[in-house]
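Subject: Structure handover

Hi,

Here is the structure for you to look over. My notes on what was found follow below it.

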Amino acid sequence: MRTLLLILALVAVPVQAVTLRWAAQNDILTLDPHSQNHATTHAMMQYAYEGLTRYTKNYQIEPCLAVSWEQLSDTHWRFKLRQGVKFHDGSPFTADDVVFSFGRIKQPQGTNQVYVINGSSVVVFDGASGDEKGSIRFTEPLYAVAVDPVTSRLYATSADTLFETSLNPQLTEMKSFQVGNYAVGLAVNPTTNMVYAANYISNTVSVLDATKESIVGTIDLGAQSTNPSELAVNPITNKVYVTTGRNSIVVIDGSTDRVTTTLRVGTSPSKNATYALAVDPTKNQVYVASTPSPLLTIIDGGTDTVAGTLRINYSPYELAVNPANSRLYVTDYHLLTVVEVGDLSSSQHNTALELSGAIALAILLAAVLVWRRSRRRLVSDKTGREIIPTGEKPDVLLSRLRRFPSYWPSSRRRPR
């Protein structure tokens, strides 16, 4: 009897369809798992493909198609593959499939080669003639490179290592220092001989004293910031500026290695992310790019406050400043723009004019919409319902579907 009542109760509950809405800051670029080194694309691929290992929610590596592994030497690893795994066509998963996948990642049209190439090289050019002078070989893929113009020392970072070597071809000794997780940002202060590495996962900045040749400190950026990625140093004031994933800039006093303030930048803290920055030591100004936004934030290095904005015709990708003439160089994926930056007062004035123009445009559009709405009135039919008059069209915004090319090779098989 109890079972019968339970069945009746389940049958009596109506089934309702629920709409699931999902959004992301950008689209996936492809469905080819080996094609693009793109964060959003990789995130979606994890729901369709599997690798030898994978990350947990705490960024710890755990087994996936490999149940265990061991390092036999600096360049030799042994993986034990999971047994009983089959592809969708019923074929067994073997070591040959792993070898094929590693070879396919090296395809020249893709951007994932950094994960399978044994090391990286830094090519050195003659700044006067533009001729190549040689290359420096590293044993690991690199994330960032910086040069101390005073000592002619080259610094580079990998996942957890800071490398130091000389640009003098007669000196080939390379030194390495352990830093935090994913040291993606790097900057050198030639005045103090200090080197700073931004650790993306650790939310810290490692400090190397190049004179003592040792790591002398680790700066915790605090709870107001996360995922530091870019660094810039003002060698005159010895201040260090760090971009973070929370749309903010962290200011560090280089003399004490302490965080002095955290500045919010960007036009929309919930949507923008700090992407790049550059320091003009002559004017003591800092320029910060937030994406996706055409506005560059200007920070007054004297007061460490936001002093104004500059508008670019696109969302900036990288920034650089020539301190000799205070020219700002801005790039996206295809364009290079040279900006003659005025003083802070003129920048604030330009921003105010742009804001006034935007307000005036918004008022004008609102007036047009009101005028259009007054002309389009609903009428009543014989039953009293309000309908749109004959010949009128309802206000409907057509959605556009963006299509991206995808590449599905016929030989590609996905393990279950």
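This is a predicted model: local features need pLDDT of at least 70, side-chain atom pairs count only at pLDDT 80 or more; totals for chains, interfaces and linings use all residues.

A polar contact here is a pair of N or O atoms within 3.5 Å; within protein, one must be able to donate a hydrogen and the other to accept it.

**Overall**

The chain has 416 residues, and 34% of them count as buried. Its secondary structure comes to 4 helices and 27 strands. Take the contacts in the chain with a separation of 6 or more: residues 24 or more positions apart account for 36% of them.

**Asp148**

Asp148 sits in strand E7, residues 144-148. Is Asp148 buried or exposed? Its relative accessible area is 1%, so Asp148 is buried. The cut-off for buried is under 20%.

Which backbone atom lies 3.0 Å from a polar atom of the Asp148 side chain? That is the backbone nitrogen of Val150. The Asp148 side chain also has a polar contact of 3.4 Å with the side chain of Thr151.

Leave out residues up to four places away in sequence, and Asp148 touches Arg153, Tyr155, Val188, Pro190 and Asn193. Ala210 is 62 residues from Asp148 in sequence. In space, the two are 10.0 Å apart, C-alpha to C-alpha.

**Two positive phi values**

Most residues other than glycine have a negative phi. Ser152 is not a glycine, yet its phi is positive, about 55°. Ser152 lies in the loop between E7 and strand E8 (153-157). With 36% relative accessibility, Ser152 counts as partly exposed.

Asp257 also has a positive phi, near 55°, and is a residue other than glycine. Its place is the loop between strand E17 (248-253) and strand E18 (258-264). Asp257 is partly exposed, at 24% relative accessibility.

**His34**

His34 is in the loop between helix H1 (2-12) and helix H2 (39-45). Its relative accessibility is 8%, so His34 counts as buried. What joins the side chains of His34 and Arg104? A polar contact of 3.1 Å does.

**Nonpolar cores**

The largest nonpolar core has 15 residues. Those with the most contacts inside it are Tyr287, Leu296, Leu319, Leu328 and Val330. Two or more residues of this core come from each of E19, strand E20 (285-291), strand E21 (295-300), E23 and strand E24 (327-331).

Val330 touches a list of residues beyond four places away in sequence. Among them are Leu296, Ile312, Tyr314, Pro316 and Leu319. The list also includes Glu318, Leu335 and Val339.

Another core, of 14 residues, lies apart from the largest one. Val205, Leu221, Leu231 and Val250 are among its residues.

**Second largest pocket**

The second largest pocket has a volume of about 400 Å³. How many residues line this pocket? The lining has 17 residues, and Leu231, Ala232, Leu277, Ala278 and Val279 lie nearest the centre. Strands E11 (183-189), E15 (231-234), E19 (273-280) and E23 (318-322) each give two or more residues to the lining.

By type, the lining divides into 15 nonpolar, no polar and 2 charged residues.

Best wishes

Notes: Residues are numbered from 1 along each chain as its sequence is written. Side-chain values use heavy atoms; hydrogens and water are left out. On a 1 Å grid over the protein atoms alone, a cavity is a set of points where a 1.4 Å probe fits but cannot get out, and a pocket is an open set with protein on both sides within 12 Å along at least five of seven lines; lining residues have an atom within 4 Å of a point. Grid points are joined across faces, edges and corners, and a volume is the space filled by probe spheres set on the points. Ala, Val, Leu, Ile, Met, Phe, Trp, Tyr, Cys and Pro count as nonpolar, Asp, Glu, Lys and Arg as charged, and the others, Gly among them, as polar. Buried means under 20% relative accessible area, exposed over 50%, partly exposed in between (1.4 Å probe, protein chains only). Contact means heavy atoms within 4.5 Å. A nonpolar core is a set of buried Ala, Val, Leu, Ile, Met, Phe, Trp, Tyr and Cys residues joined through side-chain atoms within 4.5 Å.
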